[in-house]
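Let's walk through this model together, one element at a time. Keep the viewer open as you read.

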Amino acid sequence: MDKAKAVTAAAHKLARLIYSLLSKGQEYTDQGQAHYEERYRQRVLHKLQRKAQRRGMSLVPVTPDSATA
């Protein structure tokens, strides 16, 4: 993404946040970096599951003891 698109995307996100705060009368609470990273991880996992399913495969969770084998 080039610089202009990144700035526009950030401004749009801030505008949605401000509109939401003003229209609902809620206070802003920062969810923290851990919350953001968990949501990102869930999105990536969901995309991988959909890709695997389209190819007739499935994802299998790795347990800590089987990862070293």
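Helices here are DSSP runs of H or I with at least four residues, and strands are runs of E with at least two, both numbered from the N terminus. What you see is a predicted model, in which local features need pLDDT of at least 70 and side-chain atom pairs count only at pLDDT 80 or more, while totals for chains, interfaces and linings use all residues. Residues are numbered from 1 along each chain as its sequence is written, and side-chain values use heavy atoms, with hydrogens and water left out.

Let's begin with helix 1, which covers residues 3-24. The expected span of a helix is 1.5 Å times one less than its number of residues. The 22 residues of helix 1 should therefore span 32 Å, and the 32 Å between its end C-alpha atoms agrees. Just after this helix, Gly25 takes a positive phi of about 70°. Within helix 1 you will find Ala10. Buried means under 20% relative accessible area, exposed means over 50%, and partly exposed lies in between, with a 1.4 Å probe and protein chains only. Ala10 is partly exposed because its relative accessible area is 41%. From Ala10 to Glu27, 17 residues along the chain, the C-alpha separation is 20 Å.

Next comes helix 2, residues 33-54. Its 22 residues reach 32 Å from first C-alpha to last, close to the 32 Å expected at 1.5 Å a residue. Helix 2 is followed by Gly56, whose phi is positive, near 75°.

How many salt bridges does the structure hold? It holds one, where a salt bridge means a side-chain nitrogen of Lys or Arg within 4 Å of a carboxyl oxygen of Asp or Glu. The partners are Arg41 and Glu38, whose side chains meet at 3.7 Å, N to O. Both lie in helix 2, three residues apart, which is about one turn of the helix. Arg41 counts as partly exposed because its relative accessibility is 46%, and Glu38 is partly exposed with a relative accessible area of 35%.

Now for the surface patches. Accessible areas come from the Shrake-Rupley method with a 1.4 Å probe, and for residues only the protein chains shown count as cover. Patches are made of residues with over 30% relative accessible area and no salt bridge; like charges are joined within 9 Å, and nonpolar side chains (Val, Leu, Ile, Met, Phe, Trp, Tyr) within 5 Å.

Which element supplies the largest share? Helix 2 does, with six residues. Arg39 has its place in helix 2, and this arginine is partly exposed because its relative accessible area is 49%.

Another patch is nonpolar, made of Tyr36, Tyr40, Val44, Leu45, Leu48 and Leu59, with about 530 Å² of accessible area together. Val44 is found in helix 2 and counts as partly exposed at 33% relative accessibility. Leu45 also lies in helix 2 and is partly exposed, with a relative accessible area of 30%. Leu45 and Leu14 are 31 residues apart in sequence and 27 Å apart in space, C-alpha to C-alpha. Leu48, again in helix 2, counts as partly exposed at 43% relative accessibility. The C-alpha atoms of Leu48 and Thr63, 15 residues apart along the chain, are separated by 18 Å.

Finally, follow the chain into the loop between helix 2 and helix 3 (64-67), where Ser58 lies. Is Ser58 buried or exposed? Ser58 is exposed because its relative accessible area is 61%.
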